[in-house]
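Here are my notes on this model. Please keep the structure open while you read the points.

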Amino acid sequence: MHKPASHRVSWSEYWGRYQIKTIQGRITRWRGIILDTWEWFVWLQEIPSFHFQAKDNGHFTARKETRKRGGAYWIAYRHSGGQLLKKYIGPQAQVTIARLEEIAGELERKARPEA
């Protein structure tokens, strides 16, 4: 079983943009990285996973996985009703805010089909 992601990406109403929060024990650090910049993609290389909370709706944990065909890919995971939902995000270059929001929305619809 995976441990909870120690990195969180969530919308900040106060700042009007997504922020990255790193949790190390009792210490929380806000990273000054803006998504979809070169700093964002460098940061993605350094971490194995993060939790994403979309601005409008939806959330998931993104994990970096290595495939037999080579290269690292990001996969979104979310538990719902005792079931694990999984969605391919793509290679690092495709991990953009637009893609993360799209995946969060899709997983939210699967998790709450009655909505």
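1. Start with a term. A nonpolar core is a set of buried Ala, Val, Leu, Ile, Met, Phe, Trp, Tyr and Cys residues joined through side-chain atoms within 4.5 Å. The model you are looking at is predicted.

2. Now find the core. The largest nonpolar core has 25 residues. Val 9, Trp 40, Trp 43, Phe 50, Phe 52, Phe 60 and Ile 89 touch the most other members. Strand 2 (17-24), helix 1 (38-46), strand 4 (49-53), strand 5 (59-66), strand 6 (72-80), strand 7 (83-91) and helix 2 (97-111) each give two or more residues to this core. Helix 2 supplies the largest share, 6 residues. As background, nonpolar side chains tend to be buried together in soluble globular proteins.

3. Look at Trp 43. Which residues does Trp 43 contact, leaving aside its neighbours within four places in sequence? They are His 7, Val 9, Ile 20, Arg 31, Ile 33 and Phe 50.

4. Next, the fold. The protein has 2 helices and 7 strands. From the N terminus, the order is β-β-β-α-β-β-β-β-α. The radius of gyration is 14 Å, close to the 13 Å that the globule rule gives for 115 residues, so the protein is as compact as a globular protein of that length.

5. Then burial and surface. Of the 115 residues, 40% count as buried. The accessible surface is about 7400 Å², and 51% of it belongs to carbon and sulfur atoms.

6. Last, charge. The protein carries 20 positive and 11 negative charges. Their mean positions lie 8 Å apart.

Key
Residues are numbered from 1 along each chain as its sequence is written. This is a predicted model: local features need pLDDT of at least 70, side-chain atom pairs count only at pLDDT 80 or more; totals for chains, interfaces and linings use all residues. Side-chain values use heavy atoms; hydrogens and water are left out. Buried means under 20% relative accessible area, exposed over 50%, partly exposed in between (1.4 Å probe, protein chains only). Helices (H or I, at least four residues) and strands (E, at least two) are DSSP runs, numbered from the N terminus. Contact means heavy atoms within 4.5 Å. The radius of gyration is taken over C-alpha atoms; the globule rule is 2.2 Å times the number of residues to the power 0.38. Accessible areas come from the Shrake-Rupley method with a 1.4 Å probe; for residues, only the protein chains shown count as cover. Lys and Arg count as positive and Asp and Glu as negative; His and the chain ends are not counted. The place of a charge is taken as NZ of Lys, CZ of Arg, CG of Asp or CD of Glu.
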